[in-house]
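Q: Could you walk me through this structure, one feature at a time? I would like to learn how each feature is read.

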Amino acid sequence: GSEVVFDHSFANLNSRRLHHQSRQTGASPPPITMASVLQSLALPSASQLVRATPCRQRQVSVARGVVGSPRVPGSVRFGIVAAPSSWTLGGVLHSGSSRGFRVVPNTASVSFTTAPPSAPSPPPAPAGDALPPPAVFNVACAAAEMRAKQDPSTTLALGFSAGLLIGVGALLMTCVGGASPGLATANPGLSAYLKGAIGLPAGLTLVILTGGELFTGNVFIMLSGLFSKRVSAAALMRNWSLSFVGNFLGCLALAYLAVGANTAAAPAAKAAAMGLAAAKCALPFSVAFIKGILCNWLVCLAIWGTMASTSVAGKILAIFWPISMFVALGFEHSVANMFIIPHGMLCGAKVTVGEMMMNNILPVTLGNILGAAVFASGLMYWSYGRK
(Lines give C-alpha, C1' and ligand atoms only; values in the text may rest on other atoms or scores of the structure.)
Protein backbone atom coordinates (compact mmCIF):
# COMPACT_ATOMS: atom_id res chain seq x y z
CA GLY A 1 0.00 0.00 0.00
CA SER A 2 1.14 3.53 -0.73
CA GLU A 3 -0.15 7.05 -0.43
CA VAL A 4 -0.50 8.61 -3.86
CA VAL A 5 -0.35 12.38 -3.99
CA PHE A 6 -0.68 14.47 -7.12
CA ASP A 7 2.43 16.61 -7.38
CA HIS A 8 3.27 19.27 -10.00
CA SER A 9 7.01 19.60 -9.48
CA PHE A 10 7.50 15.82 -9.40
CA ALA A 11 6.36 15.35 -12.99
CA ASN A 12 8.40 18.27 -14.28
CA LEU A 13 11.53 17.01 -12.56
CA ASN A 14 11.30 13.51 -13.94
CA SER A 15 10.21 14.69 -17.36
CA ARG A 16 13.37 16.79 -17.63
CA ARG A 17 15.47 13.89 -16.31
CA LEU A 18 14.17 11.34 -18.87
CA HIS A 19 14.41 13.78 -21.78
CA HIS A 20 17.95 14.70 -20.78
CA GLN A 21 18.92 11.02 -20.85
CA SER A 22 17.35 10.58 -24.29
CA ARG A 23 19.26 13.54 -25.72
CA GLN A 24 22.54 12.04 -24.47
CA THR A 25 21.83 8.68 -26.16
CA GLY A 26 20.37 10.19 -29.34
CA ALA A 27 17.15 8.23 -28.99
CA SER A 28 13.71 9.76 -29.31
CA PRO A 29 12.18 10.92 -26.01
CA PRO A 30 10.32 7.99 -24.45
CA PRO A 31 6.91 8.45 -22.92
CA ILE A 32 6.98 8.86 -19.17
CA THR A 33 5.46 5.86 -17.44
CA MET A 34 4.69 5.48 -13.78
CA ALA A 35 6.97 2.44 -13.70
CA SER A 36 9.92 4.41 -15.07
CA VAL A 37 9.30 7.29 -12.70
CA LEU A 38 9.02 5.05 -9.68
CA GLN A 39 12.09 3.07 -10.73
CA SER A 40 14.14 6.25 -11.07
CA LEU A 41 13.27 7.15 -7.50
CA ALA A 42 13.71 3.64 -6.10
CA LEU A 43 10.05 3.52 -5.05
CA PRO A 44 7.52 0.65 -5.35
CA SER A 45 6.35 -0.26 -8.82
CA ALA A 46 3.18 1.30 -10.13
CA SER A 47 1.73 -2.17 -10.60
CA GLN A 48 1.62 -2.50 -6.82
CA LEU A 49 -0.84 0.37 -6.55
CA VAL A 50 -4.04 -0.06 -8.57
CA ARG A 51 -5.15 -1.07 -12.03
CA ALA A 52 -4.79 1.63 -14.64
CA THR A 53 -8.02 3.43 -15.45
CA PRO A 54 -8.29 6.57 -17.63
CA CYS A 55 -10.06 9.30 -15.73
CA ARG A 56 -10.43 13.03 -15.27
CA GLN A 57 -10.65 13.09 -11.47
CA ARG A 58 -10.27 10.38 -8.89
CA GLN A 59 -10.79 10.54 -5.14
CA VAL A 60 -8.20 9.04 -2.80
CA SER A 61 -9.62 6.70 -0.19
CA VAL A 62 -6.97 5.22 2.11
CA ALA A 63 -7.48 2.78 4.95
CA ARG A 64 -6.20 3.28 8.51
CA GLY A 65 -6.61 7.04 8.39
CA VAL A 66 -3.77 7.72 5.94
CA VAL A 67 -4.97 10.10 3.24
CA GLY A 68 -3.50 11.93 0.32
CA SER A 69 -2.70 15.58 0.97
CA PRO A 70 -1.76 17.56 -2.16
CA ARG A 71 0.11 20.78 -1.45
CA VAL A 72 0.43 22.27 -4.94
CA PRO A 73 -1.62 25.07 -6.57
CA GLY A 74 -4.53 23.68 -8.58
CA SER A 75 -4.72 20.39 -6.72
CA VAL A 76 -7.63 19.30 -4.56
CA ARG A 77 -7.19 18.32 -0.97
CA PHE A 78 -7.65 14.59 -0.39
CA GLY A 79 -7.82 14.01 -4.10
CA ILE A 80 -6.03 13.85 -7.43
CA VAL A 81 -6.71 16.22 -10.31
CA ALA A 82 -5.97 14.99 -13.80
CA ALA A 83 -3.82 17.00 -16.19
CA PRO A 84 -5.51 18.68 -19.17
CA SER A 85 -4.22 15.84 -21.38
CA SER A 86 -5.39 12.31 -20.70
CA TRP A 87 -3.37 10.04 -18.45
CA THR A 88 -3.58 6.61 -16.85
CA LEU A 89 -2.29 5.49 -13.47
CA GLY A 90 0.14 2.65 -14.03
CA GLY A 91 0.07 3.28 -17.75
CA VAL A 92 1.62 5.99 -19.91
CA LEU A 93 1.89 9.49 -18.53
CA HIS A 94 2.58 11.54 -21.66
CA SER A 95 5.52 13.93 -21.63
CA GLY A 96 3.20 16.79 -22.55
CA SER A 97 1.53 16.59 -19.16
CA SER A 98 2.66 19.13 -16.59
CA ARG A 99 1.68 17.05 -13.59
CA GLY A 100 2.68 13.77 -11.97
CA PHE A 101 2.56 11.64 -8.83
CA ARG A 102 4.51 11.40 -5.61
CA VAL A 103 4.29 7.98 -3.96
CA VAL A 104 4.93 7.60 -0.23
CA PRO A 105 5.22 3.98 0.99
CA ASN A 106 3.13 3.03 3.99
CA THR A 107 1.24 0.06 5.37
CA ALA A 108 -2.20 1.25 4.40
CA SER A 109 -4.15 -0.14 1.48
CA VAL A 110 -5.08 2.25 -1.32
CA SER A 111 -8.23 2.29 -3.40
CA PHE A 112 -9.68 4.83 -5.79
CA THR A 113 -13.28 5.84 -6.19
CA THR A 114 -14.67 8.39 -8.57
CA ALA A 115 -15.35 11.72 -6.81
CA PRO A 116 -18.72 13.34 -7.51
CA PRO A 117 -18.07 16.23 -9.91
CA SER A 118 -20.62 18.43 -8.12
CA ALA A 119 -18.95 18.10 -4.69
CA PRO A 120 -15.82 20.31 -4.66
CA SER A 121 -13.23 19.55 -2.05
CA PRO A 122 -12.80 22.12 0.75
CA PRO A 123 -9.97 24.63 0.29
CA PRO A 124 -6.86 24.14 2.41
CA ALA A 125 -6.79 26.00 5.70
CA PRO A 126 -4.83 29.27 5.53
CA ALA A 127 -1.43 29.38 7.19
CA GLY A 128 -1.19 31.16 10.51
CA ASP A 129 0.01 34.76 10.48
CA ALA A 130 1.52 34.90 13.99
CA LEU A 131 4.58 33.34 15.58
CA PRO A 132 4.14 31.34 18.79
CA PRO A 133 5.26 33.09 22.01
CA PRO A 134 8.58 31.20 22.41
CA ALA A 135 9.55 32.17 18.87
CA VAL A 136 8.61 35.80 19.54
CA PHE A 137 10.88 35.91 22.58
CA ASN A 138 13.69 34.53 20.45
CA VAL A 139 13.03 37.26 17.88
CA ALA A 140 13.33 39.85 20.65
CA CYS A 141 16.67 38.37 21.75
CA ALA A 142 17.93 38.37 18.17
CA ALA A 143 16.89 42.02 17.86
CA ALA A 144 18.88 42.75 21.01
CA GLU A 145 21.97 41.15 19.47
CA MET A 146 21.52 43.23 16.33
CA ARG A 147 21.20 46.44 18.34
CA ALA A 148 24.26 45.55 20.39
CA LYS A 149 26.34 45.33 17.20
CA GLN A 150 24.83 48.38 15.55
CA ASP A 151 26.96 51.43 14.83
CA PRO A 152 26.34 54.10 17.52
CA SER A 153 25.66 56.79 14.92
CA THR A 154 22.97 54.59 13.38
CA THR A 155 21.31 54.06 16.75
CA LEU A 156 21.38 57.80 17.41
CA ALA A 157 19.97 58.64 13.97
CA LEU A 158 17.19 56.06 14.24
CA GLY A 159 16.48 57.33 17.75
CA PHE A 160 16.11 60.87 16.38
CA SER A 161 13.73 59.54 13.72
CA ALA A 162 11.67 57.70 16.33
CA GLY A 163 11.44 60.89 18.42
CA LEU A 164 10.12 62.81 15.43
CA LEU A 165 7.50 60.17 14.69
CA ILE A 166 6.29 59.82 18.28
CA GLY A 167 6.16 63.61 18.38
CA VAL A 168 3.95 63.67 15.29
CA GLY A 169 1.61 61.18 16.93
CA ALA A 170 1.47 63.22 20.14
CA LEU A 171 0.86 66.39 18.15
CA LEU A 172 -2.06 64.73 16.36
CA MET A 173 -3.47 63.58 19.69
CA THR A 174 -3.20 67.13 21.07
CA CYS A 175 -4.76 68.86 18.08
CA VAL A 176 -7.62 66.40 17.58
CA GLY A 177 -8.59 64.52 20.72
CA GLY A 178 -7.15 67.07 23.13
CA ALA A 179 -8.67 70.04 21.33
CA SER A 180 -12.27 68.90 21.80
CA PRO A 181 -13.33 70.60 25.05
CA GLY A 182 -17.01 70.27 24.28
CA LEU A 183 -16.71 66.52 23.89
CA ALA A 184 -14.60 66.26 27.04
CA THR A 185 -17.33 68.02 29.01
CA ALA A 186 -20.27 66.15 27.50
CA ASN A 187 -18.71 62.70 27.23
CA PRO A 188 -15.36 62.29 29.05
CA GLY A 189 -15.11 58.60 28.25
CA LEU A 190 -15.48 59.10 24.51
CA SER A 191 -13.06 62.02 24.65
CA ALA A 192 -10.46 59.83 26.36
CA TYR A 193 -10.94 57.10 23.76
CA LEU A 194 -10.60 59.63 20.94
CA LYS A 195 -7.28 60.83 22.34
CA GLY A 196 -6.09 57.23 22.58
CA ALA A 197 -7.22 56.13 19.13
CA ILE A 198 -5.93 59.11 17.17
CA GLY A 199 -2.28 60.00 17.43
CA LEU A 200 0.16 57.77 19.26
CA PRO A 201 -0.90 54.46 17.60
CA ALA A 202 -0.06 56.09 14.27
CA GLY A 203 3.26 57.37 15.61
CA LEU A 204 4.37 53.97 16.91
CA THR A 205 3.23 52.31 13.68
CA LEU A 206 5.56 54.58 11.72
CA VAL A 207 8.40 53.89 14.16
CA ILE A 208 8.02 50.13 13.69
CA LEU A 209 7.70 50.27 9.92
CA THR A 210 10.77 52.51 9.58
CA GLY A 211 12.94 50.58 12.05
CA GLY A 212 13.21 53.45 14.53
CA GLU A 213 15.02 53.11 17.85
CA LEU A 214 12.42 53.85 20.52
CA PHE A 215 13.81 53.94 24.05
CA THR A 216 10.79 52.37 25.72
CA GLY A 217 10.74 49.50 23.23
CA ASN A 218 14.49 49.06 23.51
CA VAL A 219 14.14 48.61 27.26
CA PHE A 220 12.13 45.45 26.61
CA ILE A 221 14.31 44.23 23.75
CA MET A 222 17.69 44.77 25.41
CA LEU A 223 16.58 43.35 28.76
CA SER A 224 15.35 40.22 26.96
CA GLY A 225 18.81 39.83 25.45
CA LEU A 226 20.50 40.53 28.79
CA PHE A 227 18.38 38.02 30.72
CA SER A 228 19.17 35.41 28.05
CA LYS A 229 22.90 36.25 28.23
CA ARG A 230 22.97 37.21 24.55
CA VAL A 231 24.03 40.84 25.10
CA SER A 232 26.19 42.51 27.72
CA ALA A 233 25.20 45.15 30.26
CA ALA A 234 27.54 47.59 28.52
CA ALA A 235 25.76 47.06 25.18
CA LEU A 236 22.41 47.56 26.91
CA MET A 237 23.48 50.86 28.49
CA ARG A 238 24.94 52.11 25.22
CA ASN A 239 21.73 51.37 23.35
CA TRP A 240 19.53 52.89 26.03
CA SER A 241 21.64 56.06 26.25
CA LEU A 242 21.80 56.64 22.50
CA SER A 243 18.14 55.91 21.86
CA PHE A 244 17.06 58.08 24.83
CA VAL A 245 19.13 61.04 23.64
CA GLY A 246 18.04 60.54 20.04
CA ASN A 247 14.38 60.37 21.05
CA PHE A 248 14.66 63.56 23.13
CA LEU A 249 16.36 65.47 20.32
CA GLY A 250 13.75 64.31 17.79
CA CYS A 251 10.88 65.31 20.08
CA LEU A 252 12.40 68.74 20.74
CA ALA A 253 12.93 69.30 17.01
CA LEU A 254 9.31 68.36 16.27
CA ALA A 255 8.06 70.66 19.04
CA TYR A 256 9.86 73.64 17.52
CA LEU A 257 8.68 72.69 14.03
CA ALA A 258 5.07 72.39 15.19
CA VAL A 259 5.18 75.81 16.83
CA GLY A 260 6.82 77.30 13.74
CA ALA A 261 4.06 75.82 11.59
CA ASN A 262 1.34 77.27 13.87
CA THR A 263 -0.13 73.78 14.19
CA ALA A 264 -1.64 74.61 17.56
CA ALA A 265 -2.64 78.17 16.65
CA ALA A 266 -6.34 77.46 17.19
CA PRO A 267 -7.37 78.48 20.72
CA ALA A 268 -8.63 75.02 21.62
CA ALA A 269 -5.44 73.33 20.41
CA LYS A 270 -3.20 75.83 22.16
CA ALA A 271 -5.13 75.47 25.39
CA ALA A 272 -4.91 71.69 25.11
CA ALA A 273 -1.11 71.80 24.60
CA MET A 274 -0.62 74.09 27.61
CA GLY A 275 -3.00 72.12 29.80
CA LEU A 276 -1.37 68.77 29.03
CA ALA A 277 2.11 70.10 29.86
CA ALA A 278 0.98 71.66 33.14
CA ALA A 279 -0.99 68.58 34.22
CA LYS A 280 1.87 66.19 33.57
CA CYS A 281 4.34 68.27 35.55
CA ALA A 282 1.91 68.58 38.48
CA LEU A 283 1.80 64.82 39.11
CA PRO A 284 3.28 63.54 42.38
CA PHE A 285 6.50 61.59 41.85
CA SER A 286 4.98 58.28 42.94
CA VAL A 287 1.93 58.70 40.71
CA ALA A 288 4.06 59.50 37.66
CA PHE A 289 6.27 56.50 38.47
CA ILE A 290 3.36 54.05 38.66
CA LYS A 291 1.74 55.49 35.55
CA GLY A 292 5.09 54.91 33.81
CA ILE A 293 5.12 51.26 34.91
CA LEU A 294 1.65 50.59 33.53
CA CYS A 295 2.33 52.51 30.34
CA ASN A 296 5.42 50.65 29.24
CA TRP A 297 3.91 47.29 30.08
CA LEU A 298 1.31 48.03 27.40
CA VAL A 299 3.86 49.55 25.01
CA CYS A 300 6.02 46.44 25.29
CA LEU A 301 2.99 44.27 24.56
CA ALA A 302 2.51 46.32 21.39
CA ILE A 303 6.16 45.72 20.45
CA TRP A 304 5.68 42.03 21.24
CA GLY A 305 2.64 41.93 18.95
CA THR A 306 4.54 43.48 16.05
CA MET A 307 7.24 40.82 16.42
CA ALA A 308 4.63 38.07 16.53
CA SER A 309 2.78 39.23 13.43
CA THR A 310 4.07 38.39 9.95
CA SER A 311 1.96 40.97 8.12
CA VAL A 312 1.84 44.76 8.09
CA ALA A 313 -1.89 44.72 8.84
CA GLY A 314 -1.26 42.44 11.81
CA LYS A 315 1.46 44.75 13.14
CA ILE A 316 -0.83 47.78 12.88
CA LEU A 317 -3.60 46.00 14.77
CA ALA A 318 -1.14 44.76 17.40
CA ILE A 319 -0.07 48.36 18.00
CA PHE A 320 -3.51 49.95 18.07
CA TRP A 321 -5.10 48.28 21.08
CA PRO A 322 -2.32 48.56 23.68
CA ILE A 323 -1.32 52.11 22.69
CA SER A 324 -4.86 53.47 22.53
CA MET A 325 -5.47 51.76 25.87
CA PHE A 326 -2.60 53.44 27.71
CA VAL A 327 -3.45 56.91 26.34
CA ALA A 328 -7.15 56.57 27.16
CA LEU A 329 -6.30 55.44 30.70
CA GLY A 330 -3.95 58.36 31.27
CA PHE A 331 -0.68 56.44 31.68
CA GLU A 332 2.66 58.16 31.14
CA HIS A 333 5.13 57.52 28.31
CA SER A 334 8.52 59.15 28.70
CA VAL A 335 9.19 59.66 24.98
CA ALA A 336 5.75 61.09 24.23
CA ASN A 337 6.21 63.48 27.16
CA MET A 338 9.53 64.61 25.66
CA PHE A 339 7.35 66.24 23.00
CA ILE A 340 4.15 67.08 24.88
CA ILE A 341 5.76 69.09 27.69
CA PRO A 342 8.23 71.15 25.57
CA HIS A 343 5.48 71.79 23.05
CA GLY A 344 3.19 73.05 25.81
CA MET A 345 6.00 75.20 27.18
CA LEU A 346 6.56 76.75 23.76
CA CYS A 347 2.83 77.44 23.55
CA GLY A 348 2.95 79.31 26.87
CA ALA A 349 2.62 76.77 29.68
CA LYS A 350 4.16 77.98 32.95
CA VAL A 351 6.49 75.01 33.39
CA THR A 352 10.24 75.12 33.94
CA VAL A 353 12.82 72.72 32.55
CA GLY A 354 13.60 71.52 36.06
CA GLU A 355 9.92 70.75 36.72
CA MET A 356 9.70 68.89 33.45
CA MET A 357 12.71 66.72 34.24
CA MET A 358 12.22 66.09 37.95
CA ASN A 359 8.42 65.92 38.13
CA ASN A 360 7.80 63.92 34.98
CA ILE A 361 10.63 62.72 32.74
CA LEU A 362 12.67 61.16 35.58
CA PRO A 363 9.89 59.29 37.43
CA VAL A 364 8.15 58.25 34.21
CA THR A 365 11.40 56.94 32.69
CA LEU A 366 12.14 54.92 35.83
CA GLY A 367 8.60 53.55 35.78
CA ASN A 368 8.91 52.68 32.08
CA ILE A 369 12.09 50.71 32.78
CA LEU A 370 10.58 48.82 35.71
CA GLY A 371 7.38 48.04 33.82
CA ALA A 372 9.32 46.52 30.94
CA ALA A 373 11.74 44.67 33.23
CA VAL A 374 9.04 42.99 35.31
CA PHE A 375 5.91 42.66 33.19
CA ALA A 376 7.46 42.21 29.75
CA SER A 377 11.07 41.01 29.60
CA GLY A 378 11.01 39.36 33.02
CA LEU A 379 7.78 37.41 32.57
CA MET A 380 8.61 36.38 29.01
CA TYR A 381 12.11 35.26 29.92
CA TRP A 382 10.79 33.22 32.85
CA SER A 383 8.16 31.61 30.64
CA TYR A 384 10.07 31.07 27.38
CA GLY A 385 13.76 31.92 27.78
CA ARG A 386 15.10 29.77 30.60
CA LYS A 387 15.44 26.55 28.56
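Q: How many helices and strands does the protein chain have?
A: Helices (H or I, at least four residues) and strands (E, at least two) are DSSP runs, numbered from the N terminus. In this predicted model, the protein chain has 14 helices and 7 strands. As the model is predicted, local features need pLDDT of at least 70 and side-chain atom pairs count only at pLDDT 80 or more, while totals for chains, interfaces and linings use all residues.

Q: What share of the residues is buried?
A: Buried means under 20% relative accessible area, exposed over 50%, and partly exposed in between (1.4 Å probe, protein chains only). Of the 387 residues in the protein chain, 45% are buried.

Q: Which residues of the largest nonpolar core touch the most other members?
A: A nonpolar core is a set of buried Ala, Val, Leu, Ile, Met, Phe, Trp, Tyr and Cys residues joined through side-chain atoms within 4.5 Å. The largest one here has 63 residues, and L200, L204, F220, M307, I323, F326 and F339 touch the most other members. Another core lies apart from it, with 5 residues, including A179 and A264.

Q: What is F220 in contact with?
A: Contact means heavy atoms within 4.5 Å. Leaving aside neighbours within four places in sequence, F220 is in contact with A140, C300, I303, W304, M307, A372, A376 and S377. Across the protein chain, residues 24 or more positions apart account for 82% of the contacts with a separation of 6 or more.

Q: Which residues make the nonpolar surface patch?
A: Patches are made of residues with over 30% relative accessible area and no salt bridge; like charges are joined within 9 Å, and nonpolar side chains (Val, Leu, Ile, Met, Phe, Trp, Tyr) within 5 Å. Here W297, L370, V374, F375 and L379 make a patch of about 420 Å², an area from the Shrake-Rupley method with a 1.4 Å probe, where for residues only the protein chains shown count as cover. Helix α14 (residues 353-385) gives the most to the patch, with 4 residues. L379 lies in helix α14 and is partly exposed, at 47% relative accessible area.

Q: What is the span of helix α9?
A: The expected span of a helix is 1.5 Å times one less than its number of residues. Helix α9 (residues 233-260) has 28 residues and reaches 41 Å from its first C-alpha to its last, close to the 40 Å expected. After α9 comes N262, whose phi is positive, near 55°.

Q: How many salt bridges are there?
A: A salt bridge is a side-chain nitrogen of Lys or Arg within 4 Å of a carboxyl oxygen of Asp or Glu. By this rule there are 3 salt bridges. One of them joins the side chains of E145 and R230 (3.0 Å, N to O). E145 lies in helix α3 (residues 133-149) and R230 in the loop between α8 (215-227) and α9, so the pair ties together parts 85 residues apart in sequence.

Q: Which residue forms a salt bridge with R147?
A: E213 does, with the closest N and O atoms 3.3 Å apart. This pair links E213, in the loop between α7 (200-210) and α8, to R147 in helix α3, 66 residues apart. Both E213 and R147 are buried.

Definitions and conventions:
Residues numbered from 1 in each chain as written. Heavy atoms only, no water.
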